[in-house]
Amino acid sequence: MSSKFQKTQLARDRFHTLFDVLHRQNYKVIGPVVRDGAVVFERVTSPDQLAKGVIDEQQPGSYKLKYDKQSEDSRYFLWNNGPQALKPLLFKPRQELWMCRADDTQLTFHPSSTEADSIAVIGVRACDLAALALQDQHFLHGNYGDGYYQAQREKMLLIAVNCSRSGEQCFCVSTGDGPGASFYYDLLLDELDDGFLLECGSDKGAKVLDQLSLPPATEEQEQRANRQVEAAAKAQSKQLPGSLQLADLAKLLRADDWKAIAERCLSCGNCTLVCPTCFCSKQEAENDLSLDHSTQVRLWDSCFSEEHGHIFGKNYRPEIASRYRQWMLHKLVFWRQQYGRIGCVGCGRCISWCPAAIDLVEEAQRLLALLPEEEQTRHGGGNGQ
Ligand code: SF4
Ligand code: SF4
């Protein structure tokens, strides 16, 4: 059996053998591909379909792909992230819950199947794993776990990749979540110019690795892999304030404090859709025009949607300022009481995909600076805890 910490090496021209083993073990492979100008996770059957040689350039309100040299030895995992993390694979944007059928005499109710295929997701980043750990806490909690999420989660193999570069909007170092993965993966890759280093993180990962029968990595290869993760960490200039400092945001209770941001925010909800930790949903009945059945569905929702603040006939968040405040305070302050850490893993998606180029980190810093000196908590760069 493969040792959990012994790294092995896989030559670049043998990368397809990992796919062969996954297919032999009946996994559907999900990997990063380029679609509609972005890197997204989709079903793939060979490494040739992956987003090879692709670099994502991200700025507030902007996401563009550029191509590194297109050659045989281009790297597969130069990009940092796209609009999706693992969220849509487990917490689906549209989930059928149950169906009601009507015939001449009665109504019958039919729950939707929770069956799931075995999937292996390749190219998962450290921040995606941290977000997954948070979503697991939410969806698999105690006796009230979500059966659809749980069924797919149990059949998911996670093949993570350490980041060898940081994107312009990444700040996972300041939340303590990257750029190297340290937990929650089944297999972990480091991509080098001459191939990959593989590390096992679970029994499921060991079953895959055992069938590859790879030689151990050399010390020199391991040092190169460590150096590129360290360089990616050093390249990050964006820094979210520490969680104790962020807690001060809850002292900003005047509507005026949130006015500047409300004037820019369109309340479109993009930030919550791309965020790998957001989990709000709503339920709707989709009635078939034949009138013989109706399907109850769960759809992603956002605290930026107007209806989300409606409770018992009253809208508690009618203004955009109150919706933005709800989002930021829940994510950066109150999440800590619910889940033991803040709800941000430093991926930067909400910044790049915001059409108004609103930068969560800058806004948090600007808002904290509004507090009188004597009310500010002084703590250095913190982490997500
Ligand atoms: S912060 Fe940006 S992405 Fe989020 S709701 Fe406002 S305009 Fe949309
Ligand atoms: S709040 Fe923004 S930066 Fe933080 S995890 Fe969500 S999308 Fe990523």
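Which residue in β13 is the bridge partner of Trp-98? I looked it up and found Gln-296.

Ground rules first. I'm working with a predicted model, where local features need pLDDT of at least 70, side-chain atom pairs count only at pLDDT 80 or more, and totals for chains, interfaces and linings use all residues. Residues are numbered from 1 along each chain as its sequence is written, chains are lettered from A and ligands numbered from 1 in the order written, and side-chain values use heavy atoms, leaving out hydrogens and water.

**Sheet.** I traced strand β6 (94–102) against β13 (293–300) and got antiparallel pairing over seven bridges. (Strands are DSSP E runs of at least two residues, helices H or I runs of at least four, numbered from the N terminus; pairing takes at least two DSSP bridges.) Both strands belong to an open, antiparallel sheet of four, ordered β7-β6-β13-β12. At its edges I noted β7 (107–111) and β12 (281–287), each pairing on one side only.

**Helices.** Next I checked α11 (320–339) and α13 (360–369), whose axes come within 12 Å and cross at roughly 95°. (Axes are lines fitted to C-alpha atoms over the stretch in contact; angles run from 0 to 180 degrees between N-to-C directions.) That makes the two helices roughly perpendicular (65 to 115 degrees).

**Cysteines.** I searched the whole structure for disulfides (sulfur pairs within 2.5 Å) and found zero. For Cys-172, the nearest cysteine sulfur is that of Cys-170, 5.8 Å away. Cys-172 is buried at 6% relative accessible area (under 20%, 1.4 Å probe, protein chains only).

Terms used
Angles under 35 degrees count as roughly parallel, over 145 as roughly antiparallel, 65 to 115 as roughly perpendicular and the rest as oblique. Buried means under 20% relative accessible area, exposed over 50%, partly exposed in between (1.4 Å probe, protein chains only).
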